[in-house]
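The sequence and the structure come first.

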Amino acid sequence: MSRVLFKRFPQRVLLRAQFTHGARSYASTSPASQFDWQDPLGSKNLLTEEELAISETAERYCQGHLLPRVLQAYRDEHYDPKILEEMGELGLLGATINGYGCAGVSTVAGALITRAVERVDSGYRSSMSVQSSLAMGAIHDFGSPEQKEKYLPEMAKGKIIGAFGLTEPNHGSDPGSMEAVAREHPQKKGYYLLKGSKTWITNSPIANVLVVWAKLQETGKIRGFLVDRKECPPGTLETPAIKNKTGLRASITGMIHLEDCPVPTENMFPEIEGLKGPFACLNSARYGIALGVMGALEDCIDRARTYALERKQFKGNPLAKYQLVQKKLADAATDAAYGTLAAIQVGRLKDERKATPEMISMIKRQNCDRALHNARVLQEIFGGNAVSDEYMVGRHVANLYVTQTYEGQSDIHSLILGRAITGIQAFV
Ligand code: TGC
Ligand code: FAD
């Protein structure tokens with residue numbers, strides 16, 4: 001149960017004002033049936049008390065502590081690693097994991113946290129997702145008992161930072177063709193030497209432990225290794241930052257260069273081999289993105305609605321009076337509401353072990369595509385002001401391009417779905 005989140009934040013605080021402007025209520029219905037533009041299909045009714053409380057705790061932290069610094073961080077392309085410690089304090093890291101100081105909340109509750117973070121910035125969510133789902137998730141699901149004890153408790157506190165290295169310069173959508181290789185150390189028994197490069201790796205420049213997927217030279221099978229920065233001899237591990245990004249600038253992204261880096265055999269995941277290792281981790285992270293991007297879209301809706309109500313053009317009318325503007329808001333609110341319900345449904349199935357990877361591909365693809373499309377259309381409501389970063393919407397648009405690209409670009413998820421629908425593999 002979510003003991004960490006509750007112990008630290010026992011009281012429930014509603015962060016966001018409940019607006020009902022323009023909503024019609026009918027005499028024959030109770031006030032509870034009023035239309036709420038912020039939750040048009042009443043998704044809150046599908047959440048438990050505990051999930052609502054967790055969501056509110058996360059929203060309170062994000063609006064109070066992340067929002068005030070995101071603009072400058074994005075301008076400076078700066079990520080403050082202290083953010084992960086703050087999240088760890090609140091029990092937001094690895095929240096769905098049971099034990100090791102983690103909160104052990106439901107899959108939906110975990111994704112409500114990603115939504116709260118992404119309402120501020122996809123980059124902050126990215127850093128948290130990599131820590132929680134990809135690095136901690138991999139260690140939790142595939143690590144030995146010693147690996148779990150060594151890393152998970154400190155990672156839950158944000159004191160050890162993780163990264164997940166799958167993508168390579170020549171192999172992104174097709175990680176099965178990876179070139180990174182692990183060979184037995186010719187002189188030192190019980191060690192592998194890792195050689196290869198990974199690129200576009202979130203958190204890599206600041207990571208203490210890097211989950212690296214590489215092929216064993218002798219078998220060609222993909223295995224996962226925990227590359228612990230402090231155990232690597234000088235010159236065997238480099239993690240340069242990739243600078244001047246056009247999106248996700250509030251997160252830190254880099255490369256991983258391994259030059260015959262010695263890694264002890266006990267740092268290899270003991271059992272898991274093949275692509276299903278990294279892909280199993282991706283299922284959780286992709287799920288978190290599916291609800292996360294709804295937070296970014298909801299923030300765009302909120303800001304565009306406020307702007308449209310305040311900005312007057314033609315005879316003193318607010319932009320919100322014009323049908324074309326209203327349609328943009330209606331389209332976006334509909335996609336946000338549908339996307340949220342779909343994510344909650346898949347989350348419930350995931351906890352019952354009834355979710356398939358294809359379901360996750362479907363919601364990851366649909367929600368990222370719709371979030372990007374609608375954010376881009378809502379941007380138009382701000383006219384020239386959209387070009388100023390202070391209006392925030394342009395930052396979301398740039399970020400949402402990335403969410404549609406990583407963890408399987410949308411067309412790749414189309415092919416995964418197409419394969420499941422037709423039985424024919426399109427990408428061989
Ligand atoms: P394929 O033959 O389909 O599968 C190989 C093996 O993997 C198993 N598998 C899965 N297992 C669990 N969950 C899934 N979702 C799985 N998908 C596949 C599969 O059953 C098989 O197992 P076995 O036992 O038979 O060996 O492999 P393929 O090479 O044909 O795959 C093609 C394709 C397109 C599906 C796949 O390569 C793909 O998904 N590509 C996208 C790559 C990707 O998502 N990269 C993400 C990198 S990490 C990242 O972006 C983090 S960003 C984080 C942030 O900042 O938030
Ligand atoms: P490519 O694979 O070269 O694809 C380019 C285009 O071609 C895409 O539109 C794709 O859909 C299309 N395409 C490819 N193959 C086909 C096909 N068969 N049929 C039709 N279309 C196809 N990776 C990690 O491992 N860890 C991380 O932490 C991580 N963080 C990231 C952070 C950021 C900011 C970014 C931008 C990326 C990150 N990635 C990470 C990498 C990300 O997962 C890859 O960028 C993504 O998987 C796509 O790979 P690629 O960029 O090599 O594109």
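Gln404 is found in helix α10. The model is a predicted one, and in it Gln404 has a relative accessible area of 14%. Because that value is under the 20% cut-off, Gln404 counts as buried. Leaving out residues up to four places away in sequence, Gln404 touches Lys364, Cys368, Asp369, Leu372, Gln409 and Ser410. One of these, Gln409, is also among the residues that come nearest to ligand 2.

Gln345 belongs to helix α8, which covers residues 323-351. Is Gln345 buried or partly exposed? Its relative accessible area is 46%, so Gln345 is partly exposed: the value falls between the 20% and 50% limits. From C-alpha to C-alpha, Gln345 and Gln404 are 21 Å apart in space, and they are separated by 59 residues in sequence.

An oxygen atom of the ligand lies 2.6 Å from a polar side-chain atom of Ser173. Ligand 2 taken alone exposes 980 Å², of which the protein buries 66%. The space taken by ligand 2 is the largest pocket.

## Surroundings of ligand 1

Ligand 1 is surrounded by 26 residues, the closest being Ser126, Ser173, Asn283, Arg286 and Arg419. Helices α5, α7 (276-310) and α11 (410-422) are the elements that give two or more residues to the shell around ligand 1. Helix α7 provides the largest share, 6 residues.

For Arg286 the distance is 2.7 Å. For Arg419 it is 2.9 Å, and for Tyr406 it is 3.4 Å. On its own, ligand 1 exposes 1,100 Å², and 74% of that is buried by the protein.

## Ser132 in helix α5

Helix α5, which contributes to the shell around ligand 1, spans residues 122-142 and includes Ser132. The relative accessible area of Ser132 is 13%, so Ser132 is buried, the limit being under 20%.

What does the side chain of Ser132 reach? At 2.9 Å it reaches the backbone nitrogen of Gly94. Apart from neighbours within four places in sequence, Ser132 is in contact with Leu92, Leu93, Gly94 and Gly137.

## Asn170 and its loop

Where does Asn170 lie? Its place is in the loop between β3 (162-165) and β4 (181-184). With a relative accessibility of 58%, Asn170 counts as exposed, because exposed means over 50%.

The side chain of Asn170 makes a polar contact with the side chain of Glu179, at 3.3 Å. Asn170 and Thr246 are 76 residues apart in sequence, and their C-alpha atoms are 21 Å apart in space.

## Positive phi values

Most residues other than glycine have a negative phi.

Tyr100 has a phi near 60° and is placed in the loop between β1 (98-99) and β2 (102-103). At 25% relative accessibility, Tyr100 counts as partly exposed. Asp260 has a phi of about 50°, also positive. Asp260 lies within a strand, β9, which runs over residues 253-264. The relative accessible area of Asp260 is 27%, which means that Asp260 is partly exposed.

Notes:
Residues numbered from 1 in each chain as written. Chains lettered and ligands numbered in written order. Predicted model: local features only at pLDDT ≥ 70, side-chain atom pairs only at ≥ 80, totals over all residues. Heavy atoms only, no water. Helix = DSSP H or I, 4+ residues; strand = E, 2+ residues; numbered from the N terminus. Buried < 20%, exposed > 50% of the residue type's maximum accessible area, 1.4 Å probe, protein only. Polar contact = N/O pair within 3.5 Å; in protein donor to acceptor, adjacent residues only side chain to side chain. Contact = heavy atoms within 4.5 Å. Near = heavy atom within 4 Å. Areas by Shrake-Rupley, 256 points an atom, 1.4 Å probe, with all protein chains shown as cover. 1 Å grid on protein atoms, 1.4 Å probe; cavity = no way out; pocket = protein on both sides within 12 Å on 5 of 7 lines; lining within 4 Å. Sits in = over half its atoms within 2 Å of the grid points.
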